[in-house]
There are 2 protein chains.
Amino acid sequence: MSEAPPPTVSTLRDARVAAVRRLARRAGRLEQGAFLVEGLQGVREALALVESGEEPEALTQLLVTPGAAERHPDLVAQARALRVPLLTVAEPVMARLADTVTPQGLLGVAPLRDRPLVTVLTGEPAPRLVAVLAAVRDPGNAGTVLRTADAAGADAVVLADDAVDPHNPKAVRASVGSVFHLPVVTGMAAAEVVTALRAAGLTVLAADGGDPAARDLDALADAGGLAGPTAWLFGNEAWGLSHDLRALADEVVAVPLHGRAESLNLATAAAVCLYASARGQRSPGGCRAPG
Amino acid sequence: MSEAPPPTVSTLRDARVAAVRRLARRAGRLEQGAFLVEGLQGVREALALVESGEEPEALTQLLVTPGAAERHPDLVAQARALRVPLLTVAEPVMARLADTVTPQGLLGVAPLRDRPLVTVLTGEPAPRLVAVLAAVRDPGNAGTVLRTADAAGADAVVLADDAVDPHNPKAVRASVGSVFHLPVVTGMAAAEVVTALRAAGLTVLAADGGDPAARDLDALADAGGLAGPTAWLFGNEAWGLSHDLRALADEVVAVPLHGRAESLNLATAAAVCLYASARGQRSPGGCRAPG
């Protein structure tokens, strides 16, 4: 670099640092309309959106430690070239801002990513795969499902009924960049979401392994029941989906339990269901033409 | 209860408590040939094995707090009836023995559960689905895959190449009882495991999303490639499978990434692969007869 290195902020009393620190809490995120992006992958994904022009404001600030700036000169140069404001902070300051025990020395600030459901439903092309997490409370689970939904080609993830905030630092980290890849919808009641999804032509399937009357996932796939536009409804880690929500769905579906396990965890069940849909939509009946 | 309540142990200096405490570490587990079973589900599963006569020694000791004994009188009565030695310990003692922040007040001691691979391979009926975790280091991941493998009907899970100990308290907890449901194999080199599995007639598939030459999982399933006895090989969370291990497998397979996510986490990828096998073995070609 030909430029002189910027001064390093070494106190938590710095006003910019104090503002960033407030983003660790939901109240601070709502107040500033922004959230924290911790680690290399998330920062890279946000910068890619800025660079492509797809979302020129996807990253509004980048905090780096001197060590991280040395380890990632390309990334710092990219941020400079894109005119993303840079702030160099001392390691102990970063340690207080970051949620991880061993932060990578990189912390982005990005505008909140939730979008209105109507934007998702009226998008082009029309959505064909949506995951709805009702009352899911663990941020790691929410972030993992976001990543899996992205991988399975889902068009959106909806966090309903007081589910965890997808902008929670642990959720962002577990999503490994996917929070920048597909729209997230927040703040709605799940019942309202189900009604809107059905009105938009999606079949709503409630995943519930504990319901003895549930349809077997493989049988549904074999019958071609996963070929069309589908929304999957997943419930709370401990108590699953409410009776009312199950009743609103077109069908209650269970991942088969072939062994002696009594249940699957939420992220595992979501992975199996979303990938069954991804396959079913690409090969109706779960069976492509042979050869 | 008509019996007088047993005396409550309130010091970590008690010799029985000190022995149990050493089981939190691998050296203590190897020394005593036993491990800790924390929480209700695991203790229940172990007692069920004792009660059924399937494994009369599956639980060799049960530690309870007075509060937990009051909350779970049936479980304590069951342990008494089965002559499992009971030890009542004070809450602060339990808090030091248990790995969780909010322990449920129940802690079992059980003999180590690893079995020789040859026992698995010569079992009746012959194994049709085996998961091999090579150099997987996170106990939560190992326990989650154990639970998923159980649910998918796998016959065994092998932890090879210095993978984490499945008797680690975090792994046991993440398995939610599945450590008592299917055999685990430890202490072998993955290459040796692959050779033995192939000799026993299993097709070995290496799961590797980062290999550009990998076969697409859905295409393999559609072609009937998952109908036979299969072993899945999963690699380390950060660096995946070594070149040598991939070369030893019959085929390298990737879970398709339809969206913009660059990868799946280990437990997610394992869930999708193991459930694809469960379906493929029950409906060759991934397509049951229609109707």
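Student: What makes Ala135(A) count as buried or exposed?

Tutor: A residue is buried if 20 or more other C-beta atoms, placed from the backbone, lie within 10 Å of its own, exposed if 12 or fewer, and partly exposed in between. Ala135(A) has 21 C-beta neighbours inside 10 Å and therefore counts as buried. Please note that this is a predicted model, in which local features need pLDDT of at least 70 and side-chain atom pairs count only at pLDDT 80 or more, while totals for chains, interfaces and linings use all residues. Residues are numbered from 1 along each chain as its sequence is written, and chains are lettered from A and ligands numbered from 1 in the order in which they are written.

Student: Where does Ala135(A) lie, and what is its phi near?

Tutor: Ala135(A) is in the loop between E6 and H8 of chain A; helices (H or I, at least four residues) and strands (E, at least two) are DSSP runs, numbered from the N terminus. Its phi is near 60°, a positive value in a residue other than glycine. Most residues other than glycine have a negative phi.

Student: How do you know which side of H10(B) its buried residues are on?

Tutor: The buried residues of helix H10 (residues 190-199) of chain B are Ala190(B), Val193(B), Val194(B) and Leu197(B). They cover an arc of only 100° around the axis, which puts them on the same side of H10(B); the arc is that of the directions from the helix axis to the C-beta atoms. On the other side of H10(B), Glu192(B) and Ala199(B) are exposed.

Student: Why are H13(A) and H13(B) called oblique to each other?

Tutor: Their axes come within 9 Å and cross at roughly 50°. Axes are lines fitted to C-alpha atoms, for helices over the stretch in contact, and angles run from 0 to 180 degrees between N-to-C directions. Angles under 35 degrees count as roughly parallel, over 145 as roughly antiparallel, 65 to 115 as roughly perpendicular and the rest as oblique. H13(A) and H13(B) are therefore oblique.

Student: Which residues of H13(A) and H13(B) make the contact?

Tutor: Ala267(A), Thr268(A), Ala271(A), Val272(A) and Tyr275(A) meet Ala267(B), Thr268(B), Ala271(B), Val272(B) and Tyr275(B). Two residues are in contact if their C-beta atoms, placed from the backbone, lie within 7 Å.

Student: What makes H8(B) and H13(B) roughly parallel?

Tutor: Helix H8 (residues 139-151) of chain B and H13(B) pack at an angle of about 15°, with their axes 9 Å apart. H8(B) and H13(B) are therefore roughly parallel to each other.

Student: How many residues of chain A are in contact with chain B, and which element gives the most?

Tutor: 32 residues of chain A are in contact with 32 residues of chain B. H13(A) gives the most to the side of chain A that touches chain B, with seven residues.

Student: Which peptide bond involving Pro125(A) is cis?

Tutor: A cis peptide bond joins Glu124(A) and Pro125(A), with omega about -5°. In chain B, the bond from Glu124(B) to Pro125(B) is cis, with omega near -5°.
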